[in-house]
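Hello,

Here is the structure I promised to pass on. Have a look at it first, and my notes follow below.

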Amino acid sequence: MLKEIFNKQTKWSVMRNLIFKEIDDLIIDSLGIVAFISFFIGGVVAIQTALNLTNPLIPQYLIGFATRQSVILEFAPTFISVIMAGKMGSYITSSIGTMRVTEQIDALEVMGVNSVNYLVFPKIIALLLYPFVIGISMFLGIFGGWMASAYGGFTTSEAFIEGAQMDFIPFHIAYAFIKTIIFAMLLATIPSFHGYYMKGGALEVGKASTVAFVWTSVCIILFNYILTQMLLGS
Amino acid sequence: MIEVKNIEKSFGENKILKGISTIFETGKTNLIIGQSGSGKTVLLKSLLGIHTPEAGQICFDGRVYSDLEDDEKRELRTEIGMVFQGSALFDSMTVAENVGFPLKMFTKDDKAKIAERVEFVLKRVNLIDAHKKLPSEISGGMQKRVAIARAIVNRPKYLFCDEPNSGLDPNTSILIDNLIKEITEEYEITTVINTHDMNSVMEIGDNILFLKDGLKEWQGNKEEIFYTDNEAVTAFVYSSNLFKKVREAHLKG
């Protein structure tokens with residue numbers, strides 16, 4: 001399947017429109033839910049950290065520091081990706097699976113279209129913008145943490161910002177975006193595979209979506225472990 | 001002309017096609033009929049290249065499909081129009097976009113030229129008013145006509161139809177049959193139709209292939225089918241009282 005994705009490319013004028021459509025469906029349509037989740041989880045991370053800092057000797061700026069580290073290193077790249085495995089993954093599997101069930105993929109093949117390239121390649125290209133989504137998630141997660149801390153009375157705005165800027169290691173951002181790109185490829189290909197090769201009817205489309213979500217999540221978690229060990233472990 | 005030479009196809013232990021040979025002629029409506037499980041769909045999918053036969057040859061105007069390179073196969077497929085049982089229209093596209101899709105994919109025509117051709121074909125199938133609608137917004141019969149329009153828009157040499165009348169009312173079925181026959185004769189296409197509909201057999205069967213248990217049991221045309229004494233054919237075609245009476249009336253003249 002991977003070879004077929006890049007074989008016999010669809011005409012550029014058609015592919016360009018498909019890519020824009022996928023950017024709209026996969027990236028733009030995900031921004032709302034990502035913004036909502038990131039803002040509130042960022043807030044909860046900050047509150048939880050604050051509530052667990054019972055020792056008065058531990059400085060308050062640690063809330064900002066812990067929130068930043070949690071959001072940038074794990075929450076935004078990994079857990080948003082697991083959530084996206086549900087949202088984007090089920091959309092990809094069900095849309096391709098429905099095309100399989102209703103013979104639309106057969107129609108493409110009979111016309112002489114490389115259906116794998118036509119259906120999967122634009123998703124891969126669209127998901128190259130996925131780091132942009134994760135960047136927004138990082139910003140809103142930290143922003144949510146700041147709002148919850150400062151306006152919830154857990155610490156001062158200055159202390160949170162001081163912590164959020166403390167001991168900043170730029171490579172952590174690179175690490176997060178390297179993970180994000182790998183996760184984006186998993187998000188594009190695993191659900192596509194399950195949709196493309198599914199057999200049966202409408203019920204099986206639902207089952208394929210569930211299986212795709214499970215496998216995408218498992219792969220994201222495994223790759224997260226491997227990449228963390230490789231990039232930060234040494 | 002499509003020439004099928006002794007093709008065989010199995011799925012696991014189950015041999016579906018057991019050496020079928022026939023010729024589907026150009027400018028004629030060639031019908032494949034037979035009971036469920038007789039191998040009609042497998043034969044049609046083999047002709048389309050969706051299934052690969054284990055033995056035998058399929059020749060498209062002298063081109064042996066199995067001998068073609070991948071690029072040549074894709075090229076050949078652009079000469080094929082297909083009407084699927086469920087229409088297989090692309091849900092996210094309007095009627096006009098569905099019909100124009102093969103042109104957009106395989107020609108260098110500009111938008112205006114594509115729109116002109118789409119309009120012409122939609123007029124041909126009497127659907128010009130529906131061009132902006134989505135497939136979900138039109139009836140089953142209209143969807144079939146859109147599928148026919150999409151199949152012929154690129155001026156195919158070969159047209160395949162898988163049960164084009166399934167799920168349609170009798171009036172719409174006749175409309176679809178007549179449309180396919182007119183198009184076949186008008187554009188000199190080799191049309192192969194897989195059907196269960198005995199009305200189609202009587203109306204448009206220029207060349208009828210009857211399959212039984214993966215073998216060619218009988219071949220003839222809509223006239224000859226009235227006079228055949230092949231028991232399997234008569235049991236299948238004249239299973240209803242209506243068609244029995246039609247046959248009797250025809251034989252009496």
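Before the rest, a word on conventions. This is a predicted model, in which local features need pLDDT of at least 70 and side-chain atom pairs count only at pLDDT 80 or more, while totals for chains, interfaces and linings use all residues. Residues are numbered from 1 along each chain as its sequence is written, chains are lettered from A and ligands numbered from 1 in the order in which they are written, and side-chain values use heavy atoms, with hydrogens and water left out.

**The sheet in chain B**

Chain B has an open, antiparallel sheet of four strands in the order E2-E1-E4-E5. Strands here are DSSP runs (E, at least two residues) and helices likewise (H or I, at least four), numbered from the N terminus; two strands pair if DSSP finds at least two bridges between them. E2 (14–24) and E5 (63–64) of chain B each have a single partner strand, so one side of each is left without a neighbour in the sheet. Strand E1 (residues 2–11) of chain B runs antiparallel to E2(B), joined by eight bridges.

**Where the chains meet**

The contact (heavy atoms within 4.5 Å) takes 22 residues from chain A and 25 residues from chain B. Together the two chains bury about 1900 Å², 61% of it on carbon and sulfur atoms; this is the accessible area (1.4 Å probe) lost on putting the two parts together, summed over both. In chain A, the residues that lose the most area to chain B are Glu103(A), Val110(A) and Met111(A), together 34% of what that side buries.

Two salt bridges are counted between the chains, each a side-chain nitrogen of Lys or Arg within 4 Å of a carboxyl oxygen of Asp or Glu. Arg77(B) forms a salt bridge with Glu109(A), with the closest N and O atoms 3.6 Å apart.

**A loop residue in chain B**

Lys133(B) sits in the loop between helix H4 (111–124) and helix H5 (140–152) of chain B. Is Lys133(B) buried, exposed or partly exposed? Lys133(B) counts as partly exposed because its relative accessibility is 37%, where buried means under 20%, exposed over 50% and partly exposed in between (1.4 Å probe, protein chains only). Leaving aside residues up to four places away in sequence, Lys133(B) touches Thr94(B), Val95(B) and Ile138(B).

Best wishes
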